[in-house]
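User: I'm new to this one and would like to learn how to read it. Could you walk me through it?

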Amino acid sequence: MNGIRFILLAVAVAIAWRLYKNWRARRAVAAPEGRKRAGDQRRTGQKPKGIDTIRCDYCGTHVPVGRELRAHGRTWCSRECRDADRGRSDGD
């Protein structure tokens, strides 16, 4: 009787091992497909997540929106650029 129990236990372990290996193999194959889908979203024209920036009218540097200086329809990245731009326009 013990021999039959041992054989049944060995068969159950072998089946469990085979199921585990198949599950791991399917998971390994599915992972790159998930990455492909993320790349496909970039190609569909969706806006990438990130920080919105605005360009300085004087030096061309991009600064985060909300950190820029604005006056009279002009945009600057810093006080130095603002002052330099005002000095340049005053001299014209």
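User: Which residues make up the largest nonpolar core?

Analyst: A nonpolar core is a set of buried Ala, Val, Leu, Ile, Met, Phe, Trp, Tyr and Cys residues joined through side-chain atoms within 4.5 Å. Buried means under 20% relative accessible area, exposed over 50%, and partly exposed in between (1.4 Å probe, protein chains only). Here the largest such core has 6 residues: Ile54, Cys56, Val63, Trp76, Cys77 and Cys81. Before we go on, this is a predicted model, where local features need pLDDT of at least 70 and side-chain atom pairs count only at pLDDT 80 or more, while totals for chains, interfaces and linings use all residues. Residues are numbered from 1 along each chain as its sequence is written, and side-chain values use heavy atoms, leaving out hydrogens and water.

User: What does Cys56 touch, leaving out residues up to four places away in sequence?

Analyst: A contact means heavy atoms within 4.5 Å. By that rule, Cys56 touches Thr61, Thr75, Trp76, Cys77 and Cys81.

User: How many helices and strands does the chain have?

Analyst: Helices (H or I, at least four residues) and strands (E, at least two) are DSSP runs, numbered from the N terminus. This chain has 2 helices and 4 strands, in the order α-β-β-β-β-α. Of its 92 residues, 13% count as buried.

User: Which residue forms a salt bridge with Arg74?

Analyst: A salt bridge is a side-chain nitrogen of Lys or Arg within 4 Å of a carboxyl oxygen of Asp or Glu. Arg74 pairs with Asp85, with the closest N and O atoms 2.5 Å apart. That pair links distant parts of the chain, 11 residues apart: Arg74 is in strand β4 (residues 74-76) and Asp85 in helix α2 (residues 79-91). Asp85 is buried at 5%, whereas Arg74 is partly exposed at 30%.

User: How many salt bridges does the structure hold?

Analyst: There are 3. Arg70 meets Glu68 at 2.9 Å between the closest N and O atoms; Arg70 is exposed at 54%, but Glu68 is buried at 16%. Asp83 and Arg82 form another, at 3.4 Å from N to O.

User: Which residues make the nonpolar surface patch?

Analyst: Patches are made of residues with over 30% relative accessible area and no salt bridge: like charges are joined within 9 Å, nonpolar side chains (Val, Leu, Ile, Met, Phe, Trp, Tyr) within 5 Å. Here Phe6, Ile7, Val11, Ile15 and Leu19 make a patch of about 520 Å². Ile15 sits in helix α1 (residues 2-43) and is partly exposed at 48%.

Key. Areas by Shrake-Rupley, 256 points an atom, 1.4 Å probe, with all protein chains shown as cover.
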